[in-house]
Amino acid sequence: MHRYRFVLTRPLQFLPVLFGISVITFVLVRLIPGDPARNILGTRATPAALASIRAQYGLDQPMWLQYFYFIKNLGNGEMGKSILYKIDVLPLISTRIEPTIALVVSSVILSILIAVPMSAIAARNAGRAPDHIVRIVSTFGIGFPPFWLGLMLIILFSVQLGILPVSGYGSTIGEKIAHLILPALTVALSLSTVLTRSLRAAMIESLKSDVATAARARGMPEGIVFWRHVVPNSLVPTINLLAVNIGWLIGGTVVVESVFALPGMGQLLVRAIFSRDYMVVQGVAMVFACATVLVNFLADIVTVAADPRVKL
């Protein structure tokens, strides 16, 4: 169990990271040109009305004092009050978290379902035509931006074929699944290309390993050698890569949710930035940061469990 000792100390190492993210987010969002009070009241607002709004939300206080109150609220399990929506930030985020989680989880599952078969085909045919095709497809796939890919999928499956909804989220489970197909496929096609390249290289290396050679010497068929020995040994480096890209995916939901009008945290973040809703921007950024840190922490645990040789 000493291999899992990092589980007790690693959360303490994340605290400086989260603190740094909170400082950077707090400063950057206030460097955005514009006045939140004027965005609320309009261009014809009187100076007295503007001063009243700033005082109500603490925007007239020094920046260091505003940050102190922000940290104090976090310590109390609060994130302040939204200027635009006139409600507490934490309940507001909780209403938007389901579409984002559903998008991330479905995208990861689709990415794995695409990457593993493609990597297996390429690795078992290394240097031949199938391998070259997979490498070319994955190389071109990296260069496709998600917003362009999403628009192309909308044109094909929604406009031309009319089999999937263009945007929105739906209310029933069936409607939600239908609305998630195109956004999840958009992300999966981008993410799977990265995973395929890494997993293919790991599988080719594992095919030449002593474990695979010993299994062949015992008379095991090549298919059993590949799926029982090669694939499990190839997953360890891919797990870490997947964790890093899930962190990118959590932040990348901003683009995909905007393209497909999913009412998730990404769309909430975009609207908050344009309306200078400081508290919402800070709250969503902290939720994204905590989610990314948690995913990487879970990836470390899975890596240690999958490979006894790894010590963290």
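This is a short talk on how one predicted protein model is put together.

Okay, ground rules. Residues are numbered from 1 along each chain as its sequence is written. Because this is a predicted model, local features need a pLDDT of at least 70 and side-chain atom pairs count only at 80 or more, while totals for chains, interfaces and linings use all residues, and side-chain values use heavy atoms, with hydrogens and water left out.

So, confidence. The pLDDT is the predictor's confidence in each residue, from 0 to 100. Our protein chain averages 81, and 96% of the residues score at least 70. The lowest mean is 74, in helix α2 (residues 36–41), and the highest is 88, in α5. Keep in mind that where pLDDT is low, the predicted coordinates should not be read in detail.

Now the overall picture. The protein chain has twelve helices and zero strands. The C-alpha atoms fill a box of roughly 85 × 55 × 35 Å along the principal axes. Of the 312 residues, 42% are buried. Buried means under 20% relative accessible area, exposed means over 50%, and partly exposed is in between, with a 1.4 Å probe and protein chains only. Contact here means heavy atoms within 4.5 Å. Among contacts between residues at least 6 apart in sequence, 73% join residues at least 24 apart.

Let's look at one helix pair. The axes of α5 (residues 89–124) and α10 (residues 222–260) come within 8 Å and cross at roughly 145°. Those axes are lines fitted to C-alpha atoms over the stretch in contact, with angles from 0 to 180 degrees between N-to-C directions. Who makes the contact? On α5, residues including Leu103, Val104, Val108 and Ile112 take part, and on α10 the list includes Phe226, Trp227, Leu242 and Ile246. By class, that contact has 14 nonpolar, four polar and three charged residues. For the classes, Ala, Val, Leu, Ile, Met, Phe, Trp, Tyr, Cys and Pro count as nonpolar, Asp, Glu, Lys and Arg as charged, and the others, Gly among them, as polar.

Next, the aromatics. There are seven aromatic pairs in the structure. Rings of Phe, Tyr and Trp (its six-membered ring) pair if their centres lie within 6.5 Å; planes under 30 degrees apart are stacked, over 60 edge-to-face, and the rest tilted. Phe19 and Tyr67 are edge-to-face, at 6.3 Å centre to centre and 75° between the planes. That pair links distant parts of the chain, with Phe19 in α1 (residues 6–30) and Tyr67 in α4 (residues 63–75), 48 residues apart. Phe19 is partly exposed, at 48% relative accessible area, whereas Tyr67 is buried, at 15%. Tyr67 also pairs with Phe70: the centres are 6.3 Å apart and the planes at 50°, so this pair is tilted. Those two are about one helical turn apart, because they sit three residues apart in α4. Phe70 is buried too, like Tyr67. Phe19, Phe26, Tyr67 and Phe70 form one aromatic cluster.

Two last stops. Val302 sits in α12 (residues 278–306), and its C-alpha is 9.2 Å from that of Asn240, 62 residues away along the chain. Gly127 is in the loop between α5 and α6 (129–142), and Gly127 counts as exposed because its relative accessibility is 51%.

Note on methods:
Helix = DSSP H or I, 4+ residues; strand = E, 2+ residues; numbered from the N terminus.
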